[in-house]
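Look at the structure first, then read the points below.

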Amino acid sequence: MKSEAENEMSDVASDVRECTLGADTTESSNRWSLRTLASGWRKCDSTGLPVCLDAQFFIRINAVFAVIFLLIGGIAAILLALTRWETVNLLPSDWFYRMLTLHGLNMLIFWILFFEIAVLYFACTTLLNAKLFSRKVAWVSFGMMAVGAGMVNTVIFQGQADVLLTSYLPLLAHPAFYLGIILVAVGTLVGVFNFFATLYMARRYRTYIGSVPLVTFGATAAAIIAVVALLHGAIVMIPTFMYSMGWVGQPDPMWYRMIWWGLGHQSQQVNVAAMVAIWYMVATLTTGAKPLNETVCRGAFVLYILFINIASAHHLLVDPGVGATWKIWNTSYAMYLAVLASMIHGFTVPASVEVAMRRNGHIKGIFGWLTAAPWRNPAFSAIVLSVVIFGFIGGITGVTLGTQQINIIAHNTLRIPGHFHATVVGGTTLAFMGLTYYVVPLLFRKDYILKRLARIQPWLFAGGITLMSVGKSFAGSMGVARRTSDIEPAAEAYGAAVHVFLGMLGVGGVLAFLGLLLFVLLTVGTLLIGKSNAGRPMECWGKPVDLGRHDTPSSGGEEEHKTPGTVILVGIFLIAFAVYYFANWTALADVWPVR
Amino acid sequence: MEKAMNEQEKTHILQRLMDNPWALLVLGVVIPLLSYTLWGWIELLRVPPAPLP
């Protein structure tokens, strides 16, 4: 007789086959299909999916390094939060800039890129029933990335690269700083090549039939955006490295800013595409949700591929060298197509969960499906919080701040980090944390320790980030500049109330750091002393109760896709969006009152 | 052969685009390079040098 955990995980296995994750795989014998190989793969005990052992190895080491860089960036983050909290003002200015450089590179580049390479290897092998293209290429990628990240962090700690993440010229760091970034960028590009080569081989040898699964499609979007970002990285970093060596003259600072943001902003769009793919994946793993309409979801990813990169221009909205037409086209008309894509995903992910919950009988009231959702599952709560923070705080502020006219009252204030901490940390990092609650049991084959603590971790982290982002946004609205360790010289200009918001920033930073530390301790502790689940399904985090009402598409018809709860939530979002946008235009009008 | 061609004809062009990662890769690289990078680069090249005081 099967145990309860086995029964629940067998449900997951059927969800995986039927929904977002499972490609239609052919059993015909060929030399690239995992299921027909004599060795080099295993069948996942929980999902039934084939796992390429080469890919599993590189997913593991990339994920471990990602968590190490997350911890380094997190330690820098708490020091920064305790400095911007004016009452504490912990660090002197030189160490503030050192830690800000360390924080930016480890959190926005290393943690994210290492984790994304892990996601790409998973999406192109397990989900396509294909073996990884090349183990050697994967080693080259990982080696370059690890050496490059090590070089960058070493130079920063030596105090020879206090130039922040952006390293705007004419600020100049030690050549090893630029060389390290080039190594990380090229190493990532090599990893992306391995992903595309695996896609090619999987398609050529027909390891699957029809279209790739939605999650693989989302990962492909992330990989394409990464290519654009890394091309810009090469264009800007190679001449800057040569300048730091004294081989060539200084590149033009305005040119540097424009090309650098082709790397800096677009690397965050890689995160967005990967994050959305993870939303769909975790929704399937936790509730059995499947996309309402695959074509619409894929179309939204195509909008990302085509239009999300040009939004880099909103970093240059106050630069004098580029004209208004270039700015408005790239940040408004075209960028809104990518915003539309985010809003499509923001609707379809919760709507697919609502449909899945209603299919399982949770039809009481408008929000009965939501209250009955698997909240004991930290992966589920992490992606719900990720969707909410990304949309309500990061998305609304991002579109508003990306408007050329409004940007003039917000540029270089704390409102900007208030926005991107909601997208990159509250959105992406939280989604990556949520996925990790499945990555460790499924690919490291260890069940999590201290599950009760794991259940509160996403809430602690999300609560802290929300408080910090809101505190930053309000302090920035009062004029507090970003990238400065101390506002004391200008404190009178801001007013006393600004200390309340900087206090929110500090308290939020402490809470978020505790959430991050808890995540790292739980994950590392599980890898070291967690119970092995090899040969059996992973221990279930908790699935929604099946009340036994299974409407099929044929019997349910239109009823099958009714999502009144999600429609109301989306309505609340749109009202909040309109109010915030209008309030900012009003604030702009107040700058130049007509008397 | 004929059956395969008929099936391909039936598939909508947007679906064929979505099933072709190489076409998406080319479009995804070319559009931002033209709209953001090349256009922005040309704008910067057209900025006249500042006169020395």
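**Helix packing across the two chains**

Helix H7 (residues 253-287) of chain A packs against H3(B) at an angle of about 175°, and their axes lie 10 Å apart. H7(A) and H3(B) are therefore roughly antiparallel to each other, since an angle over 145 degrees counts as such. The model is a predicted one.

**Where H7(A) meets H3(B)**

- H7(A) brings A:Met254, A:Trp255, A:Met258 and A:Gly262 to this contact.
- H3(B) answers with B:Tyr36, B:Thr37, B:Gly40 and B:Leu44.
- Sorted by class, the residues of the contact of H7(A) with H3(B) are five nonpolar, three polar and no charged.

**The whole contact between the chains**

- Chain A puts 25 residues into the contact, and chain B puts in 18 residues.
- Which element gives the most to the side of chain B that touches chain A? Helix H3 (residues 21-45) of chain B does, with 15 residues.
- The side of chain B that touches chain A holds twelve nonpolar, four polar and two charged residues.

**H4 and H5 of chain A**

- Helix H4 (residues 135-157) of chain A and helix H5 (residues 175-204) of chain A have axes 7 Å apart and pack at an angle of about 155°.
- That angle is over 145 degrees, so H4(A) and H5(A) are roughly antiparallel to each other.
- The crossing of H4(A) past H5(A) is left-handed.
- The contact of H4(A) with H5(A) has no charged residues; 19 are nonpolar and seven are polar.

**Loops on either side of H4 in chain A**

- A:Pro170 sits in the loop between H4 and H5 of chain A.
- The peptide bond that leads from A:Leu169 to A:Pro170 is cis, and its omega is near 15°.
- A:Asn129 lies in the loop between helix H3 (93-125) and H4 of chain A.
- A:Asn129 is a residue other than glycine, yet its phi is positive, near 60°.

**H12 and H19 of chain A**

- How do helix H12 (residues 378-401) of chain A and helix H19 (residues 564-591) of chain A cross, and at what angle? Their axes cross at roughly 40° and come within 10 Å.
- H12(A) and H19(A) are therefore oblique to each other.
- The crossing of H12(A) and H19(A) is right-handed.
- From H12(A), the contact is made by A:Gly391, A:Phe392, A:Ile396 and A:Thr400.
- From H19(A), the contact is made by A:Phe573, A:Ala576, A:Phe577, A:Tyr580, A:Tyr581 and A:Asn584.
- By class, the contact of H12(A) with H19(A) has seven nonpolar, three polar and no charged residues.

**H15 of chain A**

- Helix H15 (residues 451-477) of chain A has 27 residues, which at 1.5 Å a residue should span 39 Å.
- H15(A) bends by about 30° at A:Gln457.
- A proline, A:Pro458, follows within four residues of the bend.

Notes:
Residues are numbered from 1 along each chain as its sequence is written. Chains are lettered from A and ligands numbered from 1 in the order in which they are written. This is a predicted model: local features need pLDDT of at least 70, side-chain atom pairs count only at pLDDT 80 or more; totals for chains, interfaces and linings use all residues. Two residues are in contact if their C-beta atoms, placed from the backbone, lie within 7 Å. Ala, Val, Leu, Ile, Met, Phe, Trp, Tyr, Cys and Pro count as nonpolar, Asp, Glu, Lys and Arg as charged, and the others, Gly among them, as polar. Axes are lines fitted to C-alpha atoms, for helices over the stretch in contact, and angles run from 0 to 180 degrees between N-to-C directions. Angles under 35 degrees count as roughly parallel, over 145 as roughly antiparallel, 65 to 115 as roughly perpendicular and the rest as oblique. A crossing is left-handed if the near helix is turned anticlockwise from the far one by less than a right angle, and right-handed if clockwise. The expected span of a helix is 1.5 Å times one less than its number of residues. The bend at a residue is the angle between axes fitted to the seven residues ending there and the seven starting there.
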